[in-house]
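Dear colleague,

A short account of the findings follows it.

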Amino acid sequence: PGDPDVLTDLGITQRARGDFAGALERFRSAQQLAPDHWQARFNEIVVLAFDQRDLEGAEAALSELEQRAPGNPDVSRLAGEVRRLKEAGE
C-alpha cells in the first residue's frame, strides 16, 4: 500500500475499468508518498484530460509535471496532445 509504483499500476487498472475517480485517488496517493513520481502525475493528467474532459485541471497538473520532469519526451508528447485537445474545443 505504500509503494507509489504499485498505486500507479492500480490506478491504471482502475482507469481501464472505467473507474476514473478511483484511478485519480490512486494516482494522487502515489504523489503524496513520492512527490517526484512523475508517472502518477502523468496518468492523472490522462484521466483529467481524456476521460473527464477537465482541461483546466489537466493543464494545472501538466504545468507542475513539466516543472518536475523537464525535458522528458513522454511529458512533452502529453503536453502536445492536451493542447491539441484544447484547441479542438473538446
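Predicted model: local features only at pLDDT ≥ 70, side-chain atom pairs only at ≥ 80, totals over all residues.

Residues are numbered from 1 along each chain as its sequence is written, and side-chain values use heavy atoms, with hydrogens and water left out. Helices are DSSP runs of H or I with at least four residues, numbered from the N terminus.

Helix H1 (residues 4-16) and helix H2 (residues 20-33) have axes that come within 8 Å and cross at roughly 165°. Here axes are lines fitted to C-alpha atoms over the stretch in contact, and angles run from 0 to 180 degrees between N-to-C directions. H1 and H2 are therefore roughly antiparallel to each other, a term for angles over 145 degrees. Among the residues of H1 that meet H2 are Leu-7, Leu-10 and Ile-12, and the H2 side includes Phe-20, Phe-27 and Leu-33; contact means heavy atoms within 4.5 Å. By class, this contact of H1 with H2 has nine nonpolar, five polar and two charged residues. Ala, Val, Leu, Ile, Met, Phe, Trp, Tyr, Cys and Pro count as nonpolar, Asp, Glu, Lys and Arg as charged, and the others, Gly among them, as polar.

Helix H3 is mostly covered, with 10 of its 14 residues buried, that is, under 20% relative accessible area with a 1.4 Å probe and protein chains only. Among the buried residues of H3 are Arg-41, Asn-43 and Glu-44, as well as Phe-42 and Ile-45. The cover over the buried residues of H3 includes H1, H2, H4 and H5. Just after H3, Arg-53 takes a positive phi of about 55°.

Helix H5 (residues 73-87) also has buried residues, namely Val-75, Leu-78, Ala-79, Gly-80, Val-82 and Leu-85. They are covered by elements that include helix H3 (38-51) and helix H4 (55-68).

H4 and H5 pack at about 155°, with their axes 11 Å apart. H4 and H5 are therefore roughly antiparallel to each other. In this contact H4 contributes Leu-55, Glu-59, Leu-62, Leu-65 and Glu-66, and H5 contributes Val-75, Ala-79, Val-82, Arg-83, Leu-85 and Lys-86. The contact of H4 with H5 has seven nonpolar, no polar and four charged residues.

Yours sincerely

Key. Helix = DSSP H or I, 4+ residues; strand = E, 2+ residues; numbered from the N terminus. Parallel < 35°, antiparallel > 145°, perpendicular 65-115°, else oblique. Buried < 20%, exposed > 50% of the residue type's maximum accessible area, 1.4 Å probe, protein only.
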